[in-house]
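Hello,

Here is the structure we spoke about. Please open it first, then read my notes below.

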Amino acid sequence: MKDRISALMDGELDDTSASQLIDSLGRDGEALQAWRTYHLISDAMRDGRVLSDGFTARVASRLMAEPALLAPAGLQSEPRKWFALSAAASVAAVSLVGWLAFAPQREARPPQVAQASVTPLKKQPAIVPLPSATNDYLLAHQGFSPRASLQGMAPYVRTVSDQSQESTK
Amino acid sequence: MSDREIDRQLVARAQRGDKRAFELLVEKYQRKLARLLSRFIRDPAEVEDVTQEAFIKAYRALPAFRGDSAFYTWLYRIGINTAKNYLMAMGRRAPTSTEVEADEAEGFEEGEQLRDINTPESVLLSKEIAETVNSTIEQLPEELRTAIQMREIEGMSYEDIAKAMNCPIGTVRSRIFRAREAIAEQLRPLLGTRKDKRW
Amino acid sequence: MMPGRALGVAIVLASGLAQAQSPEALGWLRKIQDATQKLSYRGTFVYQHGGRSETSRITRYVDAGGDIDRLEVLDGVPREIVRTRDTIRCYLPESRVVKVDRRTAERDFPALLPERVNALARHYDISLGETRRIAGFDCQAVTLAPKDDLRYGYKLYADVHSGMLLKAVTVDSGGDTVEQFMFTQLAIGPVSRDMVKPRQAARGWRIEDSAAAPARLAGWELSSELPGFHKVSELKRRLGESRPVGQLVYSDGLAAVSVFIEPLEGRRDPVRTGLASMGAIHIYTREVANHRVTVVGEAPAVSVQRIADAVEYRRPH
């Protein structure tokens, strides 16, 4: 049972077993415990942040005080409709709400350029997409990398993975 | 069954009156939401209060949730609005705003951990639990450790882990489960003092 | 006098070791090199960068008659690479192409010869770190902390018995991992020749031969060299089906940067000046004297750009 919770949360359980398991999640204490603990472990591994003990319990007792939901216009029974919304439309929906946002912590590419170096650069470089011949450059370059004397052929794995121009040449 | 579909089913049950189904979602997303809100609110106790408030608001708004976006995306927006209102009520200025990437809200996480330089260390409220998890992992038999790290930190599917570890998918599933159970065993004394007997 | 950041990296990387450049640490590097050359093995490793992982199977067959390596990448574009003493063949089943690269003379285990290990110490602080278990092997950590921001740092983990490298991490000046190779399964020991035969029959496939040959690229040079990076190769070759291009290779003994020079006449695609990145590799493109200059290297962007900006052409008389 607990191993199915483990697989469920990784998205690796088949639909039938998953539905049955979700059904029973409300009733089986052991399953609930596993759901709780495994998610806690996952969060602790990813960034080590943990809320104080009893957070869920406090929310649960507040929920007890809430009136029961009447959901006449709930989810459509046809789950496929979810994916009809295009990515562009989702972004538009987000901005319409006009909600508080913040400067996203996007990884600056490349990080090194903005930092102080031995001799400062004259200018910041323009960021461009990888050239179409990148894989050919990489293949030609790897043969000269001294890494080969430490790692053998392993560095040759480095290529751009979605390369469609191979077939157009 | 995908993560999104799991959430959809739990939401559907909650909308039909199953409060426990909603609690399962709380269990799943509380830390992620708290981490988000801690970008605006520095005090850890306040972060918890606002996170709790956000979940209650979400619960009340559930009948209006039509499933056009993922549950977490929707929860995320409610969380941000709750934080904003809280800061205004406290007379504090909210941080400057720019458009948030939709895929941040969709829970897109790069395997490479981005340094979240705005989040204060004080949000680490229960260091002991985090440390226990990580030290247990270090002591796990290697194949269990590798499997769970590939799953949780690298975000790899069972199929990809099976390829990387050159073993059947069933073995990957078993290793990850055994790793989780080993860690859960170490956490038991830390979590066992919960007053909440419903769980 | 170490720039502040490099010092930080040195502290981050050199965990708990009193003195850098210990002969012991250098000895480990030689041991790793030795193992790479002398051992037969087969295993599975994962290459990670930017949140992506790719799994590959690698096999090495060592024989007096000539070593053979085979790499089969299981993710992304299907590809298989087989290296013999003289040639590297890259099989691309989806496009039915074999890219063939014949080795030029100086390319037998390039650049990092045993005597050059000492030379590395000029640009890297080399020290020993902790021991840990990887893929069933007890490994010794060896760190190479760069002395400036022009190169990456490395943390290598080698089997304490054989010296085989199990894991290699490339670290930037902020201490963040930019790429990582790690074996998840490894068997060291004799390998049959059969195991390094290419899977692909490649019958009827198009062959793209690089026709690489040493050459003097007259007129082309760097106005200023990047500290520590010396020219190690100069050749003419073909890239894919394009016209011949020139290639200059610079290296500090551990990292390498290639400068590709392609004539522009008649080509329709314009030169987009700028920087592109992929994990630890940066690619900087610019136009010089009616040629496209592309600099490709496993070095920080600042280094790749500086080399690119230094490329100049002086018409030979």
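**The sheet in chain C**

Twelve strands of chain C make up an open sheet, ordered S7-S8-S9-S10-S11-S1-S2-S3-S4-S5-S6-S12, with mixed pairing. Keep in mind that this is a predicted model.

Which strands stand at the edges? They are strand S7 (124-134) and strand S12 (206-209) of chain C. Each has a single partner strand, so one side of each is left without a neighbour in the sheet. On average, neighbouring strands of this sheet are turned by 15 degrees against each other, direction ignored.

Strands of a sheet pair through backbone hydrogen bonds, either parallel or antiparallel. One pair to look at is strand S1 (residues 41-49) with strand S11 (residues 177-188), both of chain C. Their pairing is antiparallel and runs over eight bridges. Val46(C), for instance, has Met182(C) in S11(C) as its bridge partner.

**Where chain B touches chain C**

This contact takes twelve residues from chain B and twelve residues from chain C. On the chain B side, H7 and helix H8 (158-165) each supply at least two residues. H8(B) gives the largest share of that side, four residues. By class, the side of chain B that touches chain C has six charged, three polar and three nonpolar residues.

**Helix H3 of chain A**

Next, go to helix H3 (residues 29-47) of chain A. It has 19 residues. From first C-alpha to last it reaches 27 Å, close to the 27 Å expected at 1.5 Å a residue.

Its buried residues include Leu32(A), Trp35(A), Arg36(A), Tyr38(A), Ile41(A) and Asp43(A). What do the buried residues of H3(A) pack against? In chain A, the partners are helix H1 (2-9) and helix H2 (15-25). In chain B, they are helix H2 (19-37), helix H6 (127-139), helix H7 (142-152) and helix H9 (169-191).

**H3(A) against H6(B)**

Two packed helices are described by the angle between their axes and the distance between the axes. The axes of H3(A) and H6(B) come within 9 Å and cross at roughly 85 degrees. Angles of 65 to 115 degrees count as roughly perpendicular. H3(A) and H6(B) are therefore roughly perpendicular to each other.

Which residues meet here? From H3(A) come Ile41(A), Ala44(A) and Met45(A). From H6(B) come Ile129(B), Ala130(B) and Val133(B). By class, the contact of H3(A) with H6(B) has six nonpolar residues, no polar and no charged.

Best wishes

Conventions:
Residues are numbered from 1 along each chain as its sequence is written. Chains are lettered from A and ligands numbered from 1 in the order in which they are written. This is a predicted model: local features need pLDDT of at least 70, side-chain atom pairs count only at pLDDT 80 or more; totals for chains, interfaces and linings use all residues. Two strands pair if DSSP finds at least two bridges between them. Axes are lines fitted to C-alpha atoms, for helices over the stretch in contact, and angles run from 0 to 180 degrees between N-to-C directions. The expected span of a helix is 1.5 Å times one less than its number of residues. A residue is buried if 20 or more other C-beta atoms lie within 10 Å of its own, exposed if 12 or fewer, and partly exposed in between; C-beta atoms are placed from the backbone. Two residues are in contact if their C-beta atoms, placed from the backbone, lie within 7 Å. Ala, Val, Leu, Ile, Met, Phe, Trp, Tyr, Cys and Pro count as nonpolar, Asp, Glu, Lys and Arg as charged, and the others, Gly among them, as polar. Angles under 35 degrees count as roughly parallel, over 145 as roughly antiparallel, 65 to 115 as roughly perpendicular and the rest as oblique.
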